[in-house]
Amino acid sequence: MTRTPQDTADLYARHQAVLPSWLSLYYERPIELTHGEGRYVWDAEGNRYLDFFGGILTTMTAHALPEVTKAVGDQAGRIIHTSTLYLSRPMVELAERIAALSGIPDARVFFTTSGTEANDAALLLATTHRRSNQILAMRNSYHGRSFSTVGITGNTSWSPTSLSPLQTLYVHGGVRSRGPYAELGDAAYIAACVADLEDMLQQTAGGVAALIAEPIQGVGGFTLPPDGLYAAFREVLARHGILWISDEVQTGWGRTGDHFWGWQAHAASGPPDLLTFAKGIGNGMSIGGVVARAEVMNSLTANSISTFGGSPVTMAAGLANLNYLLEHDLQGNARRVGGLLIERLRAVTAGLDAVREVRGRGLMIGVELVRPGTEERSPEAASLVVEAARERGLLIGKGGQGGASLRIAPPMTLTVAEAEEGAELLAEALRAAQETLA
Ligand code: PLP
């Protein structure tokens, strides 16, 4: 049934009346998405959009991928839920696959239902193992919206509370595009960040449990540290016995093209002690989790369950999705098509004063916007571009420092033709926004 704009407006009014004011909603006239296929989605009014945000990186392979929907339907027809009190074949199988892929020796996997809960579990494990509630986190980071994860999140737009149960120290290294370190080359930048970390540790009384970091900051605007930064950090952390948690909620599963996990850009360090994942693995089904060495995972001694973590339907989706990803080399596709998309975006935005930088790796691409002709970050420009892109049939995300970056992360089956179509639509939206700002 096709809806009218008034129907959508009515739904929006009901949403506002019953849901929290802080639950972020895109667009002046929010969209009700009703179905999708491949890299396209449709709204209730019948408009079609090229999806360059993939449900915030959750639609990893494609919308309505037959292999995944069949696995979900088949499993739901047998039994939807059992809980972790009983053996579950799909849960054991997916855990085996993820443990082997993680690179972590003697790995154990605990399934949750979101990235927030995965990081919460990782923090619980690390603080218990190390008997310390001190955590190192990166400036401009994002790790979730629970009490513990909001408390360590460095990006101030997403961290409304300072009443954290953890004591958090913020380290340099996640964003280099501005500030005193901006002009440094890779080696000098890494040296400066390591010196900052050493200095912080010298001034910190008591032990620190862990450093948690996103290999590429996601909500923070797809900002890339130089390769090797976390390997250099690891040397310092190891000297102090501090654990390294790699938050791979956005960077996992080959999305960055060059690597299956973001930590592999820092491979000289070996794998992290703990790795958290979520988003894409279920292609939209709620799967999160943490991988850790048995010694760390088993440092919790009290009994625990997860009522919904590892639910058979989500595990079946995860297995089917992972098989598709590996059989179709979607990591390779992310590298090739993502590389081409970055080049196209650089070309089409070359003359635009509002665009300060196009950065990214694979299919994680950020475009930082400024007030035209200045260096001042422009969240206003980002909002205008997101609206203008929607009018042209393209969905993109925004975020980053001050909310001034566009975020592009399409499903990893993106074709070359779709990449070119999206780059053209985005260029048109950028030109329209720039004219409005002038
Ligand atoms: N960690 C990172 C790096 C994220 O980007 C997010 C969500 O955007 C989370 C954790 C939280 O995941 P979720 O929204 O599934 O709770």
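Two residues are in contact if their C-beta atoms, placed from the backbone, lie within 7 Å. The model is predicted: local features require pLDDT of at least 70 and side-chain atom pairs pLDDT 80 or more, while totals for chains, interfaces and linings use all residues. Residue numbers start from 1 along each chain as its sequence is written.

**View A. Contact of helix 11 with helix 13.** Helices are DSSP runs (H or I, at least four residues), numbered from the N terminus. Val337, Leu340, Leu341, Arg344, Leu345, Val348 and Thr349 in helix 11 meet helix 13 through Val416, Ala419, Glu420, Ala423, Glu424, Leu426, Ala427 and Leu430. By class, this contact of helix 11 with helix 13 comprises 11 nonpolar, one polar and three charged residues (nonpolar: Ala, Val, Leu, Ile, Met, Phe, Trp, Tyr, Cys and Pro; charged: Asp, Glu, Lys and Arg; polar: the others, Gly among them).

**View B. Packing of helix 3 and helix 10.** Helix 3 (residues 66-78) and helix 10 (residues 312-327) pack at about 155°, with axes 8 Å apart; axes are lines fitted to C-alpha atoms over the stretch in contact, and angles run from 0 to 180 degrees between N-to-C directions. The two helices, helix 3 and helix 10, are therefore roughly antiparallel (angles over 145 degrees).

**View C. Shell around the ligand.** The ligand is surrounded by 15 residues, the closest being Ser114, Gly115, Thr116, Gly144 and Val249; a residue counts if its C-beta atom, placed from the backbone, lies within 6 Å. Helix 5 (residues 115-130) gives the most to this shell, with three residues. By class, the shell around the ligand has four nonpolar, nine polar and two charged residues.

Key
Angles under 35 degrees count as roughly parallel, over 145 as roughly antiparallel, 65 to 115 as roughly perpendicular and the rest as oblique.
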